[in-house]
Amino acid sequence: MGDGKGATLIGALDAGISVVRRPRRRAIQFVPRSLVLPIVLFLIVFFVLPLAENVFRSFDPETGREHYVKIFTDVYYLEVIAVTLALSLGVTVLCLLIAYPVSYTLVRHSGRWSGVLVFIVIAPLLTSIIMRSFSWLVLLSRQGLVNGVLLDMGLIDRPIRMSAGLLPVTIALVHVMIPFMVLSIAPAIQAINPRLEESARILGASRIRTFLTVTFPLSLDGVATGMILVFMMVNGSFVTLQILGGGAVQTLPLLIYQQFNLTRDFGFGAAMSNVLLAIAIICLWLQISLIQRRGAEAR
Amino acid sequence: MLTHRAVERLINGGLLFYTLAFSIFMLAPILIVVIVAFSANSYVSFPIENWSWRWFQRLYEYRPYFDSFVVTLKLAVLSAFFACLLGVPAALVLSRSRGKFANAVMTFMLSPLSIPSIVLGFAMLFYLSRIGLGVSFISLLIAHVVASIPYIVRTVGGQYRSMTPGFEESAMILGCNGWQTFWYVTFPMIRGAILAGAIFALIISIDNVSLSLFFSSPTTATLPVVMLSYLESSFDPSIAAASTVQLIIAVVLLFVIERLYGLRGITG
């Protein structure tokens with residue numbers, strides 16, 4: 001869901017719940033089953049119906065499939081979709097590269113510092129989305145701290161303009177997505193029996209080889225979970241791009257909002273939101289099948 | 001040729017150095033905003049020469065900030081309340097049910113998490129306008145309840161599923177009816193989880209921009225929406241002050257969750 005806090009701490013909840021096992025035998029059930037109805041009705045009326053109506057809206061009675069034809073044939077819109085997907089993928093890969101060593105350190109080497117490291121990892125989740133974007137504006141602006149340090153060190157002659165565009169957007173998104181990646185990978189590494197690694201070492205494997213042939217392959221499940229989660233969230237992110245993109249990076253969420261706010265072509269906006277929705281549903285499906293596979297293995 | 005021990009030390013040193021650099025990357029953006037909030041200048045610049053509280057005063061004096069803050073708090077509390085009202089009973093039923101159908105309903109209740117809020121906001125605005133609610137506090141509330149439900153269901157469902165049904169069974173064997181069992185046994189055991197879920201919902205609601213944006217009017221603008229539009233026209237430390245206040249609220253709420261529920265499982 002959306003940027004950052006839109007899904008804040010769900011990783012934490014995820015991790016908390018994944019260790020929970022259902023009771024083996026049939027437990028008593030004294031809460032009336034009918035109490036599921038109100039929430040199901042509520043979600044059908046205010047969640048499913050709006051999205052379904054949006055599908056109808058995207059097929060104009062006069063023009064039919066025209067909106068979709070435009071999205072998938074016009075080079076401009078194809079490029080927007082490509083940029084959206086490429087940005088999501090890029091941020092996901094960067095997050096993985098940065099978060100994996102941190103997760104490994106957190107689980108295997110942090111010792112009594114683990115509490116501090118956990119706090120550092122989840123700190124961005126405590127801040128508001130506006131705060132995070134604002135802070136990168138401050139850090140990366142022409143008179144900002146980063147330019148100041150680079151000037152002092154003599155690495156650059158004059159300030160570089162870097163507070164708007166792909167660079168700040170990528171940095172800001174990586175910063176806020178890292179907690180979700182770490183919180184997905186760390187439990188997977190934690191679940192690996194350290195004896196497997198020990199055995200590899202005793203049998204003569206170097207530390208690097210042990211990591212590459214034992215630890216890393218066994219943690220792939222967590223890696224996949226984290227990658228899907230981050231990809232999905234970046235795909236729908238809006239505020240970071242609105243503040244830091246400076247108009248240079250166009251993605252589907254930005255375009256959808258523009259259709260609503262400026263262009264006022266609601267049918268076309270609806271069609272674009274359905275494209276974004278379709279991507280989200282594919283991610284959700286991947287997520288569910290991953291969980292089911294894991295459940296099947298645990299049994 | 002490096003000895004075995006040298007390689008070992010190199011790896012450990014590398015990890016340590018890397019973790020330190022990582023920590024700076026994670027914390028610097030947060031610290032910088034808190035520092036800027038106390039600057040006396042009317043523009044953002046470094047190094048900060050004079051310190052003051054004036055930007056916190058401005059939060060109180062600048063009407064749009066203050067009014068939207070009231071809307072934000074009211075909205076957060078009400079949406080958490082209604083999400084609990086709908087979500088808690090369902091979570092209790094579903095975490096004791098097995099089978100494909102119960103799983104499907106659970107997934108359905110969690111699915112608002114996976115839908116981009118910009119899509120949800122867009123779709124809901126048109127839908128709610130058609131049924132006569134339009135841009136109003138009620139619409140805003142409905143949107144936030146939809147977004148909050150997954151957090152409540154997850155927290156309460158997760159906690160209840162991990163509890164042994166033994167206590168409830170004992171209560172019933174000893175003659176309690178369903179309602180008494182719930183009130184004297186189940187409720188005290190899940191109270192912490194309900195509060196934790198409600199606080200998660202509060203935090204989510206207070207920070208939401210993408211949904212609130214669609215339902216924004218002078219009387220229904222939330223604080224983050226006002227901050228976003230403020231940021232588009234001016235760049236002064238009042239944004240930093242407002243962010244700092246939000247940060248303090250989030251830290252306090254999270255501390256409460258930790259007390260009630262424990263952030264257990266964070267490292268696995």
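Predicted model: local features only at pLDDT ≥ 70, side-chain atom pairs only at ≥ 80, totals over all residues.
Chain A contains 14 helices and zero strands. Its 299 residues include a buried fraction of 55%. Among contacts between residues at least 6 apart in the sequence of chain A, 74% join residues that are at least 24 apart.

For chain B, the UniProt record (an unreviewed entry) places the feature "transmembrane region" at several spans, including residues 104-128 and residues 237-257. In the model, residues 104-128 of chain B are 76% helix and 0% strand, and the C-alpha atoms at the two ends of the span lie 27 Å apart. Residues 237-257 of chain B are 95% helix and 0% strand, with end C-alpha atoms 30 Å apart.

Chain A contributes 108 residues to the contact between the chains, and chain B contributes 103 residues. Together the two chains bury about 9700 Å², of which 77% is on carbon and sulfur atoms. Eight residue pairs are in polar contact between chain A and chain B, counting pairs in which both residues have pLDDT 80 or more. Helix H2 of chain A (residues 37-58) supplies the largest share of the side of chain A that touches chain B, namely 16 residues.

One salt bridge is found across the interface of chain A and chain B. It pairs the side chains of Arg130(B) and Glu53(A), with an N to O distance of 2.2 Å. Glu53(A) also forms a salt bridge with Arg57(A), where the closest N and O atoms are 2.7 Å apart. Because Glu53(A) and Arg57(A) are four residues apart in helix H2 of chain A, about one helical turn separates them. Both Glu53(A) and Arg57(A) are buried.

Helix H2 of chain A also contains Ser58(A). Ser58(A) has a relative accessible area of 0% and is therefore buried, the limit for this class being under 20%. A polar atom of the Ser58(A) side chain lies 2.6 Å from the backbone oxygen of Val55(A). Leaving aside residues up to four places away in sequence, the residues that Ser58(A) touches include Gly64(A), His67(A), Gly267(A) and Asn274(A).

Within chain B, Arg63(B) forms a salt bridge with Asp67(B), the closest N and O atoms being 2.9 Å apart. This pair lies in helix H3 (residues 63-95) of chain B, and its members are separated by about one helical turn because they are four residues apart. Arg63(B) is partly exposed, at 48% relative accessible area, and Asp67(B) is partly exposed, at 35%.

A further salt bridge in chain B joins the side chains of Arg96(B) and Glu168(B), at 2.8 Å from N to O. Arg96(B) lies in the loop between H3 and helix H4 (100-110), whereas Glu168(B) lies in helix H7 (residues 166-173), so the pair ties together parts of chain B that are 72 residues apart in sequence. Arg96(B) is buried, with a relative accessible area of 7%, and Glu168(B) is buried at 0%. Elsewhere, Glu53(A), Arg57(A) and Arg130(B) are joined into one network by salt bridges that share partners.

Key: Residues numbered from 1 in each chain as written. Chains lettered and ligands numbered in written order. Heavy atoms only, no water. Buried < 20%, exposed > 50% of the residue type's maximum accessible area, 1.4 Å probe, protein only. Contact = heavy atoms within 4.5 Å. UniProt positions renumbered as here; feature names shortened; annotations may be inferred. Buried area = accessible area lost by both parts, 1.4 Å probe. Salt bridge = Lys/Arg side-chain N within 4 Å of Asp/Glu carboxyl O. Polar contact = N/O pair within 3.5 Å; in protein donor to acceptor, adjacent residues only side chain to side chain.
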